[in-house]
Structure formats: structure tokens, C-alpha cells
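Here is a short briefing on one protein model.

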Amino acid sequence: AKKDPSRVLVDLRLSEKRFIPEKLRVDAYRDMLFDMFAVEWLQTQNPDATAFTAERPQLPGQQRPGLGCLKYLLLMMKEVAPGITIDGFLDVPDHFHLAVMYSRSFLFFDPVMQGMVKAILRDTEGETLNDITWGAMTGTLIDRKSGEPFVYTPSNEMFPVSPRLNKYFSHRSYQRQAKDAFKGHKYVFDRTAMEKRRAEMLKKLDVSEL
């Protein structure tokens, strides 16, 4: 049978990568490098679905409805981890909703980003992933203390495998900085401003192009 790219359910591309941190907040780990399996591309889609729904709306950058199987792929990584000789898995999600999805199993290499994202999830409990994603994109997740909007920039997230990478995430300096960021940020979601700015953005670009 002829292969049809439009019928692909899961497209996963991994590569071996040596991760050398450009910015490191944990002093004990300066001049360290880690051998990783990098998730270069991961896409899951339902080729038979023709439309998004109110329950599962189109997320920024998404072209087709997904399969909801990311959690199973993350479980697969956990299963194979004991049998591989690397420090861990690495991903750099380009959208905030992907970063949130990965955060169920992955940790941000930057402890401050780790704490800030956890604070956002704490303060937007009850909101949909779609809405908080648009909140991050439109600058309408506001830090109550500083008045500044949260701005997501693609950040390294890791699933640690080796003892030395696990020690990095359990290091007292990493844990303290993540905890301080979590406690030090309180976010408020301005839904009215988000909906207005989202409408303006969608006049120029399709959701899949964002």
C-alpha cells in the first residue's frame, strides 16, 4: 500500500544531543554538560477528524485535532529510561500549552521558570488550557506584585534519567529558587483583555499560523 503522510497518527523525531547550558542558576553545576535524547518534533493527529470542538478547541499552532496521547508517550519515555545510557530527555516546547503538557513529567531546567509556571497553574485553576495559553500569548496573565505580564519564551524542559541530572533538580539551590518563584508570583488572568486581543490577532493570522 502507498504511504500517505496525511494518515500519520504520530510523528516523533529524536536526536542525540549534548546539552551545554548557556545560563545556569545553580552554581554547583557550572561547566557541566549533559547527553540527552532531544525531542526535535512530536505531532499527534487524528486524520479522520475534520473539525475542532468546543470541548477540544484548536490550540495555537495546531492544524488538526490531536489524539490526546501525549501522556502515553511520556509514560513510554519513563518505561524505556532505565535501559538507556543518557542523562535524560530534552524538549523545548514552542507554545505554552505544550510546555504545560510536558510539565506533568518534565521539569524546566531553569528553576525560576519552573516556579513561575507552577504559580500560573495554581492561580488559574479552573481555567481551560486553551484560555491560559491565550493568556500567555496575549500578555493577559498579569503578576499582581509587579504588574508585569507573563511572557513565555521557549524553554528547556527535561525528564531526568541519570543520577547526576536527577541531583541537579534535587539540588537545594534549584529547589530554593523554584520555591521562591512559586511563592513570589501571584497571577491574575484578565479574560476580557485576552478575548479582545485574541480577536485582533485572529484578524491577521489563522490559529494554526501562530
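The largest nonpolar core has 21 residues. A nonpolar core is a set of buried Ala, Val, Leu, Ile, Met, Phe, Trp, Tyr and Cys residues joined through side-chain atoms within 4.5 Å; buried means under 20% relative accessible area (1.4 Å probe, protein chains only). This is a predicted model: local features need pLDDT of at least 70, side-chain atom pairs count only at pLDDT 80 or more, and totals for chains, interfaces and linings use all residues. Residues are numbered from 1 along each chain as its sequence is written, and side-chain values use heavy atoms, without hydrogens and water.

**The cores**
- Phe 96, Phe 108 and Tyr 152 are among the residues with the most contacts inside the largest core.
- Helices H2 (96–102), H3 (111–123) and H4 (129–138) and strand E7 (187–189) each give it two or more residues. Helices (H or I, at least four residues) and strands (E, at least two) are DSSP runs, numbered from the N terminus.
- H3 gives the largest share, five residues.
- Another core, of 14 residues, lies apart from it and includes Met 36 and Met 158.

**A buried charge**
- Glu 157 lies in strand E6 (residues 157–160).
- Glu 157 is buried, yet has no salt bridge (a side-chain nitrogen of Lys or Arg within 4 Å of a carboxyl oxygen of Asp or Glu).
- The nearest side chain of opposite charge, Lys 118, is 7.7 Å away. Lys and Arg count as positive and Asp and Glu as negative; His and the chain ends are not counted.

**A helix crossing**
- H3 and helix H6 (residues 172–184) have axes 7 Å apart.

Technical notes
Buried < 20%, exposed > 50% of the residue type's maximum accessible area, 1.4 Å probe, protein only. Axes fitted to C-alpha atoms, helices over the stretch in contact; angles between N-to-C directions.
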